[in-house]
Amino acid sequence: MEDERKVELDCITAIFPEMVLDPESPFSASIELPVNPQTPVDVAFTNASDAPPTPPQSDSSEVNVSVELTADNVDLQNVSYLPSLQLHITLPDGYPEEQPPTFKLSTTPSWLSRAYLDELESNAQALWEEAGHGAVVFGYIDSLQQAAENAFGYAGASKILEAPRDFKISMLDFDIQAKQAAFKRETFGCGICLEPKKGSVCHRMLDCGHVFCVECLQDFYNNAIKEGDLAAVRCLAPGCAKERAEAQADGSRKKPKTHLSPSELLQIPLELDTITRYVRLKHKAGLESDKNTIYCPRKWCQGAARSKKHRKPIGLALHDGSDDESGLDEEEAGTTPSRRDLLSVCEDCSFAFCNRCYQGWHGEFTICMPKTNTGELTEEDKASIEYLKLHTTPCPTCSAPAQKTHGCNHMICFTCRSHFCYLCSAWLSPSNPYAHFNTINTRCYMRLWELEHGDGDDVGVGYAGGVEEVLEEGAVEVGLEAPPLAIEFPDEPEIDPTEDANAEPPVVREALQREGPLVLRINELPPRPVLALAPAPGLARDGPGNRGPAAQNQARGRNGPRQVGGQRGGPRRRRLNPAGRQRAPPELDEIGAAQQAWIQMFVQMALNDEEDQLDSDGEEDGAWEIPVR
Amino acid sequence: MASSQKRISKELAEVTTNPPEGIHVSLVDESNVHNWNIVMDGPEGSPYAGGKFKLLLVLPNDYPFKPPKINFKTRIWHPNVTFDEHGSMCIGILKPEAWKPSSKILSVLTATQQLLVEPVPDDAVETSAAEKFKNNRAQFNKEAQEYTKKYAK
């Protein structure tokens, strides 16, 4: 007859495949019992490593816990997985009839006290007695598992498990590993590809816990970083981080954390090169959105001067590392701080220069004059600046030039997130940006949709860059380093990044922040009223020159953009003053009265809901292509 | 992007097998999943009730990384939709900075539907409609109904 012990062990092994039989002795086995309580356990790591952990059942525990927790050396952590319980089983000769089984329990590290483990071990005897000297191994394991479900009484908020600080790393590490293993086993529906994915190919966002598949995240973030759209590098769940982002828009200087850290990108994982680029772009964006940034006067360098606010990233660490700003000339004490502030050191080439006269550092006692920027520019630079003046609008906050590729004229700056008007560069309130376009008697009234198809070479009109004298030196500098790029329309001209010898090509490929509600053209016109209302003869509805009514028409009628561009572009460009800033077209003033009359009529018609008719006949008979004069 | 097609097909299947109330979706061209015809019933209780509004939804090639574009093909008198043949519309979810790749077309459609029920006059693109909506609601409703009768049959 087969040994009862063998039968029992075989049976147990069938139930718990993880059971390991001892090859040395036939009736010994060991099993690891995971401690995964249903509710997480608060673990207090104390410095009192000499005091053994106290089991909750023992009488002194309550007292101990309350006393220890008042001490400020307590480090409270919430743990979901505790290191597993090792059970070693030995079935002696005479088991089950005459001898009870021997169970040995242990944990690594020993977060459960020896006293408590002894108590658990001795339970086996009682169990064996209760079972009338029968087979009790399964029953015992089961009782341990049940006890583990509530972490031996520690689960929930009622009790706090104490453990010496020495165990902290290994216990937390175990917790993290176990969580990861559990995560990998789970299945998630990726919100981007809408496919069910195993946790092993997914990433859980560190800040908010949303889960996406690694493939989609890689695709999206790689693309965003490639385009320079740093703001998109955030959690991809709808509405997530929205509140945080809104708080940011409310003008609080402190940036709430909505963006992913480089280390998280590394975890996803993205390519190191991509993350390096992300870090570099972030740093650059920080520099560019800061008007106080000083740039190196060396033409071949043009790096930023070291500043405490925007530290040059070291490796992947943003705003980290010790800066050795104090390394130069710091021993010369006793001078006024203002003079000393003139010293700038380039973070790229370490050139020390005076930020007033932009010469090499001349010491604190030289009186110098601010540099007048007559600077000889190359033809290419001039062309770039000219293009920037004509076809970009600087952000009112940080002067970073933006070029619209399509959409309405409500823009959000791609570097500093300011809301502004593309036409006049006015700052707009993030809470109600459209008021600017809906206020009568302002320059941009009813012009939200003007230039809907983007600014570019085929649009002859310089907008804010020309209308306002907003392009200052800083903006030009920024512009030279990062010419805005039209990404939507291939026929729009781009500034070849390589033509600017000073710019770093990968950095240059900053994508333009595209803005506004996207719109789309519908070719099929819905039935419209045929009522033809000829415009009053006095109201010049001229095409190419007049930005007022024509633009208004365009904004409302929006006929073919390229056509409009052609119309406006040709003659307009010839009128440009190549060196000067683009001013409002001269005709604008001359026909001001007619224009005003037209607007009045338009408003009147709008009030009567007839402006539509004005529109339709305008498009259909080409009335507004009548030349100005 | 192959995943784009797959995702769009999934969303299309979802919307066609279990269409949201008052919204009917079909492809403009069966061989191209990027262009959708939407027919939206004017929501009850709004001045658009009884009308059937056609919309065109265009999904860019890099959808869902970039938001879809949606326009009214049927004229509609509404503060947030331009009253012209383009029917351009301003809804928050479609702004590039608000769009998240895990946002779905369904939510775009329901947001559009919601916009019919509750115009947002402060974000208006059709200013005269917004003015009327704010200052003379009865007149606005009357006109919206008339236009609905006229165009959205």
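Predicted model: local features only at pLDDT ≥ 70, side-chain atom pairs only at ≥ 80, totals over all residues.
Q: Are the rings of A:F351 and A:F353 stacked or edge-to-face?
A: Over all chains, the structure holds 18 aromatic pairs. In the pair formed by A:F351 and A:F353, the ring centres lie 5.8 Å apart and the planes meet at 20 degrees. Planes under 30 degrees apart count as stacked. The pair is therefore stacked.

Q: Are A:F351 and A:F353 buried or exposed?
A: The term buried applies under 20% relative accessible area. Both A:F351 and A:F353 are buried.

Q: Are the rings of B:W77 and B:F83 stacked or edge-to-face?
A: The centres of these two rings, B:W77 and B:F83, are 5.2 Å apart, with the planes at 80 degrees. An angle over 60 degrees counts as edge-to-face. The pair B:W77 and B:F83 is therefore edge-to-face.

Q: Is B:W77 buried or exposed?
A: Buried residues have under 20% relative accessible area. The value for B:W77 is 1%, so B:W77 is buried.

Q: Which residues do ring pairs link into a cluster with B:W77?
A: B:F83, at 4% relative accessibility, counts as buried. Ring pairs join B:W77 into a cluster with B:F83, B:Y147 and B:Y151.

Q: The charged end of B:R137 sits over the ring of which residue?
A: In chain A, A:R5 lies over the face of A:F27, at 3.8 Å from the ring centre. In chain B, the charged end of B:R137 is 3.7 Å from the centre of the ring over which it sits, and that ring belongs to B:F133.

Q: Is B:L106 buried, partly exposed or exposed?
A: B:L106 belongs to helix α2 of chain B, residues 105–117. Its relative accessible area is 29%. Partly exposed lies between the buried limit of 20% and the exposed limit of 50%, so B:L106 is partly exposed.

Q: With which residues is B:L106 in contact, leaving aside its neighbours within four places in sequence?
A: B:L106 and B:I23 are 83 residues apart in sequence and 9.9 Å apart in space, C-alpha to C-alpha. With neighbours within four places in sequence left aside, the contacts of B:L106 are B:E11, B:E14, B:V15 and B:P20.

Q: Which strands are the edge strands of the open sheet in chain B?
A: Four strands form this open sheet in the order β1-β2-β3-β4, with antiparallel pairing. An edge strand pairs on one side only. The edge strands are β1 (23–29) and β4 (69–72) of chain B.

Q: Which residue in β4(B) is the bridge partner of B:L55?
A: Strand β3 of chain B, residues 52–58, runs antiparallel to β4(B), and four bridges join them. In β4(B), the partner of B:L55 is B:F72.

Conventions
Residues numbered from 1 in each chain as written. Chains lettered and ligands numbered in written order. Heavy atoms only, no water. Phe/Tyr/Trp six-rings, centres within 6.5 Å; stacked < 30°, edge-to-face > 60°. Buried < 20%, exposed > 50% of the residue type's maximum accessible area, 1.4 Å probe, protein only. Lys NZ or Arg CZ within 6 Å of the ring centre and 35° of its normal. Helix = DSSP H or I, 4+ residues; strand = E, 2+ residues; numbered from the N terminus. Contact = heavy atoms within 4.5 Å. Pairing = 2+ DSSP bridges.
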